[in-house]
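I opened this one to see how the fold is put together and which spots deserve a second look. My notes are below, in the order I looked things up.

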Amino acid sequence: MRIMLTGAHGQLGSDLHEALKGQGHSVLPLTHADLEVTDAAQAEEAIVKARPDVFINTAAFHKVEECERRPDAAFGVNASGAMNLAKVCGRLGIVLVHFSTDYVFDGSKQQPYLETDLPAPLNVYGASKVAGEHLVAANMERAFVVRTSGLYGLAGSSGKGGNFVETMLRKARERSPIRVVDDQVLTPTFTRELAAVVSQLIHTEAYGLYHISSEGQCSWYEFARKIFELEGLRVDLQPVATNQFPSPAKRPPYSVMNKSKLQGVGLVMPPWEDSLGRYLNIRAMVQEHAPAPRGLKSPAAAVS
Ligand SMILES: NC(=O)c1ccc[n+]([C@@H]2O[C@H](COP(=O)([O-])OP(=O)(O)OC[C@H]3O[C@@H](n4cnc5c(N)ncnc54)[C@H](OP(=O)(O)O)[C@@H]3O)[C@@H](O)[C@H]2O)c1
């Protein structure tokens with residue numbers, strides 16, 4: 001298949017690129033500099049010229065606090081940007097894969113959310129992603145909209161400047177006490193494994209909305225504790241309540257998603273603890289082969 005991919009240098013985009021190339025697809029990777037999704041004319045021109053079979057959109061404005069301050073920008077990328085792509089893909093018969101978030105929910109359900117549960121976003125980011133979901137559905141039928149959560153990948157999250165695992169490991173190296181919220185429960189997801197499942201999903205014609213995250217659930221505090229346990233690090237880690245970190249954006253206290261629809265098409269995601277172990281192993285292998293900056297110990301050595 002010929003596949004166009006936005007956000008190709010992002011953490012999910014770079015893993016999708018690898019997974020799709022590995023399957024023998026012809027991938028046209030687009031960075032933000034190559035294509036601005038909010039520019040409808042530019043998007044149309046690029047898609048018409050390349051005529052892919054599938055267009056995968058990982059581009060997003062997902063800095064949650066900044067979305068509160070800049071709602072126009074959030075809706076521009078996450079809603080209008082998605083609509084621009086869906087309009088062209090719908091007209092040309094191109095399959096679109098678009099990503100959304102667990103933050104479309106308010107967390108009041110306290111049981112894994114189904115695709116049929118009504119979104120009730122608590123913040124601008126979540127609202128802009130719900131709008132994007134609807135604008136894709138309103139403009140085309142052959143689309144996969146994938147809600148995912150708590151992404152971490154080897155490319156780091158370019159938009160957020162790192163990811164949670166890297167932030168925790170950096171803080172451990174600084175050797176000061178680490179406070180992490182224990183009243184927000186989610187499912188962390190390794191982008192390499194999400195990319196592997198999505199690259200299989202596109203071979204089906206089972207279009208629609210999907211929840212795809214790892215299996216299981218944890219609080220951010222439990223996630224941090226597992227990172228340090230698997231890395232063998234002794235850290236002064238303290239659980240705290242969300243209200244200890246004042247923020248302009250509210251976050252759902254519970255955003256675990258039910259994956260039975262995904263399982264219905266024969267695809268499964270692994271437990272989050274196993275995925276985290278694989279991420280840390282691959283990360284260690286990558287660091288072993290990367291030259292350490294002169295005069296500095298490698299990060300792994302600095303915390304051992
Ligand atoms: N990260 C999470 O924890 C998380 C959780 C749930 C859902 N999601 C969703 O999963 C998807 C992928 O997230 P990710 O973590 O892989 O993000 P990421 O690493 O920040 O990658 C997103 C990419 O989109 C590009 N981009 C941003 N604005 C753009 C625009 N206007 N036009 C074209 N490209 C643009 C960025 O390029 P520049 O950096 O050069 O701007 C970046 O390379 C997003 O839809 C996100 O909402 C993420």
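These entries go from the whole chain down to single residues.

**Confidence first**

I am working from a predicted model, so I checked the confidence before anything else. Mean pLDDT for the protein is 93, and 94% of the residues reach 70 or more. I leave it out of the local notes below.

**Overall build**

I counted eleven helices and twelve strands. The C-alpha trace spans about 55 × 45 × 40 Å along its principal axes. Does the radius of gyration agree or disagree with a compact globule? It agrees: 304 residues would give a value near 19 Å for such a globule, and the protein has 19 Å. As for burial, 43% of the 304 residues count as buried. I also looked at how far contacts reach along the chain. Taking contacts between residues at least 6 apart in sequence, 80% join residues at least 24 apart.

**Helix α6**

Next I went to α6, residues 164-174, and asked which of its residues are buried. I got Val165, Met168, Leu169 and Ala172. These four sit on the same side of α6, because they cover an arc of only 95° around the axis. On the face turned away from the buried side I found Arg170 and Glu174, both exposed.

**α2 against α4**

I wanted a helix pair, and picked α2 (residues 40-50) and α4 (residues 71-92). Their axes come within 9 Å and cross at roughly 35°. The contact uses Ala40, Ala43, Glu44 and Ile47 from α2. From α4 it uses Asn84, Leu85, Val88, Cys89 and Leu92. I noted the handedness too: α2 passes α4 in a right-handed crossing.

**Positive phi outside glycine**

Arginine 51 turned up with phi near 45°, positive although the residue is not a glycine. I placed arginine 51 in the loop between α2 and β3 (54-57). Is arginine 51 buried or exposed? It counts as exposed, because it has 11 C-beta neighbours inside 10 Å and the cut-off for exposed is 12 or fewer.

Glutamine 110 is another non-glycine residue with a positive phi, about 60°. Its loop runs between β4 (95-101) and α5 (124-139). Glutamine 110 has 10 C-beta neighbours inside 10 Å, so it counts as exposed.

**Cysteine 218**

Last, I looked up a cysteine. Cysteine 218 belongs to strand β11, residues 218-219. I have it as buried, because 22 other C-beta atoms lie within 10 Å, where 20 or more is the cut-off. What does cysteine 218 touch, not counting residues up to four places away in sequence? I listed Val185, Phe223 and Trp272. I also checked cysteine 218 against valine 256: they are 38 residues apart in sequence and 8.9 Å apart in space, C-alpha to C-alpha.

Technical notes:
Residues are numbered from 1 along each chain as its sequence is written. This is a predicted model: local features need pLDDT of at least 70, side-chain atom pairs count only at pLDDT 80 or more; totals for chains, interfaces and linings use all residues. Helices (H or I, at least four residues) and strands (E, at least two) are DSSP runs, numbered from the N terminus. The radius of gyration is taken over C-alpha atoms; the globule rule is 2.2 Å times the number of residues to the power 0.38. Two residues are in contact if their C-beta atoms, placed from the backbone, lie within 7 Å. The arc is that of the directions from the helix axis to the C-beta atoms. pLDDT is the predictor's confidence in each residue, from 0 to 100. Axes are lines fitted to C-alpha atoms, for helices over the stretch in contact, and angles run from 0 to 180 degrees between N-to-C directions. A crossing is left-handed if the near helix is turned anticlockwise from the far one by less than a right angle, and right-handed if clockwise.
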